Amino acid sequence: MLTLTFVICFLINVGHACEEEHKGNFNPSAIVMATWSNRGTRFPISKALNLRYAKRHSYRVMFNDTRALESFPYAWEKIALVKYLLQNKSVQAVFLIDDDAFVRKPNISVQQWFVKFPKASIIVGIQDAYNHGHTINTGVMIIRNTRWSRVFFDDVLINPSCNRTKKRCCWEQDCMRKLLKPTHYNGVVQEIPLGEFNCQESHKL
């Protein structure tokens with residue numbers, strides 16, 4: 001994660017209203033493992049491990065450093081990247097991961113998370129951070145390509161209640177916390193504990 005000590009899972013599944021979309025028959029080549037970063041080769045171990053994971057499960061890979069939102073802090077670019085990928089109907093799911101995060105349990109596939117939480121729209125990792133409390137972390141997100149997810153990420157980029165130009169973190173993370181209501185939890189939103197899926201490169205395996 002760009003700003004927090006630990007990398008948390010953030011996994012988005014299909015909303016109840018959209019369960020007919022990509023219900024579970026995933027084509028591995030229709031899953032894209034994506035990273036937005038302007039930090040070059042700063043995290044070679046993470047990149048190598050994630051490439052190995054993608055190859056193991058036959059996922060496509062995208063590394064991008066193109067700025068789409070010039071007036072916003074860099075962290076917003078990963079939201080723009082998600083939105084871009086979800087516009088492609090051949091993409092069934094996006095596995096978004098920060099450049100300093102890697103897959104800690106490579107035997108667990110994206111498809112297995114969707115099977116484990118078949119009714120959830122979002123499966124979110126929870127972090128207990130000293131300066132953020134019990135909260136989500138967007139260092140890792142797996143998003144199923146549904147109408148719900150496309151509408152949600154559109155809202156993240158345009159909802160007027162979110163501050164997209166503030167000078168401190170955590171921009172897109174704070175916005176998503178604000179847009180995900182308490183009534184979503186234990187329903188369309190499920191929680192998983194810190195470290196269940198991913199961790200930072202500096203952590204011991």
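## Overview

Of the 205 residues in the protein chain, 53% count as buried. The model is predicted. The chain holds 5 helices and 10 strands.

Take the contacts between residues at least 6 apart in sequence: 84% of them join residues at least 24 apart.

## Helix 2 and its cover

Helix 2 spans residues 77–86. Of its 10 residues, 8 are buried, so the helix is largely enclosed by the rest of the structure. The buried residues are Glu 77, Lys 78, Ile 79, Ala 80, Leu 81, Val 82, Leu 85 and Leu 86.

What covers them? Both strands and helices contribute to the cover of the buried residues of helix 2. The strands include strand 2 (31–36), strand 3, strand 4 (93–97) and strand 8 (140–144). The helices include helix 4 (147–158) and helix 5 (171–179).

## Helix 2 against helix 4

Two packed helices are described by the angle between their axes and the distance between the axes. Here the axes of helix 2 and helix 4 come within 10 Å. They cross at roughly 145°. The crossing of helix 2 past helix 4 is left-handed.

Which residues meet at this contact? Helix 2 brings Ile 79, Ala 80, Val 82, Lys 83 and Leu 86. Helix 4 brings Ser 149, Arg 150, Phe 153, Asp 154, Val 156 and Leu 157. An α-helix has 3.6 residues a turn, so residues three or four places apart point the same way.

The side chains of Asp 154 and Lys 83 meet at 3.4 Å, N to O. Asp 154 sits in helix 4 and Lys 83 in helix 2, so this pair links distant parts of the chain, 71 residues apart. Asp 154 is partly exposed, at 28% relative accessible area. Lys 83 is also partly exposed, at 27%.

The whole structure contains 7 salt bridges. One of them pairs Glu 172 with Lys 78, again at 3.4 Å, N to O. Glu 172 lies in helix 5 and Lys 78 in helix 2, so the pair ties together parts that are 94 residues apart in sequence.

Are the two partners buried or exposed? Glu 172 is buried, with a relative accessible area of 1%. Lys 78 is buried too, with 4%. The cut-off for buried is under 20%.

Another salt bridge joins the side chains of Arg 39 and Asp 100, at 3.8 Å, N to O. Both residues lie in loops. Arg 39 is in the loop between strand 2 and helix 1 (44–57), and Asp 100 is in the loop between strand 4 and strand 5 (101–103), so the pair ties together parts that are 61 residues apart in sequence.

Arg 39 counts as partly exposed, at 22% relative accessibility. Asp 100 counts as buried, at 6%. Asp 99 takes part as well: Arg 39, Asp 99 and Asp 100 are linked in a network of salt bridges.

Val 61 lies in strand 3, which covers residues 60–64. Its relative accessibility is 36%, so Val 61 counts as partly exposed. Which residues does Val 61 touch, not counting those up to four places away in sequence? They are Met 33, Leu 51 and Ala 54. Ser 29 is 32 residues from Val 61 in sequence, yet the C-alpha atoms are 9.5 Å apart in space.

Val 61 also belongs to a nonpolar patch on the surface, together with Leu 51 and Phe 63. The three have about 230 Å² of accessible area together.

## Glu 191 in strand 9

Glu 191 is located in strand 9 (residues 189–193). At 41% relative accessibility, Glu 191 counts as partly exposed.

Key. Residues are numbered from 1 along each chain as its sequence is written. This is a predicted model: local features need pLDDT of at least 70, side-chain atom pairs count only at pLDDT 80 or more; totals for chains, interfaces and linings use all residues. Side-chain values use heavy atoms; hydrogens and water are left out. Patches are made of residues with over 30% relative accessible area and no salt bridge: like charges are joined within 9 Å, nonpolar side chains (Val, Leu, Ile, Met, Phe, Trp, Tyr) within 5 Å. Accessible areas come from the Shrake-Rupley method with a 1.4 Å probe; for residues, only the protein chains shown count as cover. A salt bridge is a side-chain nitrogen of Lys or Arg within 4 Å of a carboxyl oxygen of Asp or Glu. Helices (H or I, at least four residues) and strands (E, at least two) are DSSP runs, numbered from the N terminus. Buried means under 20% relative accessible area, exposed over 50%, partly exposed in between (1.4 Å probe, protein chains only). Contact means heavy atoms within 4.5 Å. Axes are lines fitted to C-alpha atoms, for helices over the stretch in contact, and angles run from 0 to 180 degrees between N-to-C directions. A crossing is left-handed if the near helix is turned anticlockwise from the far one by less than a right angle, and right-handed if clockwise.
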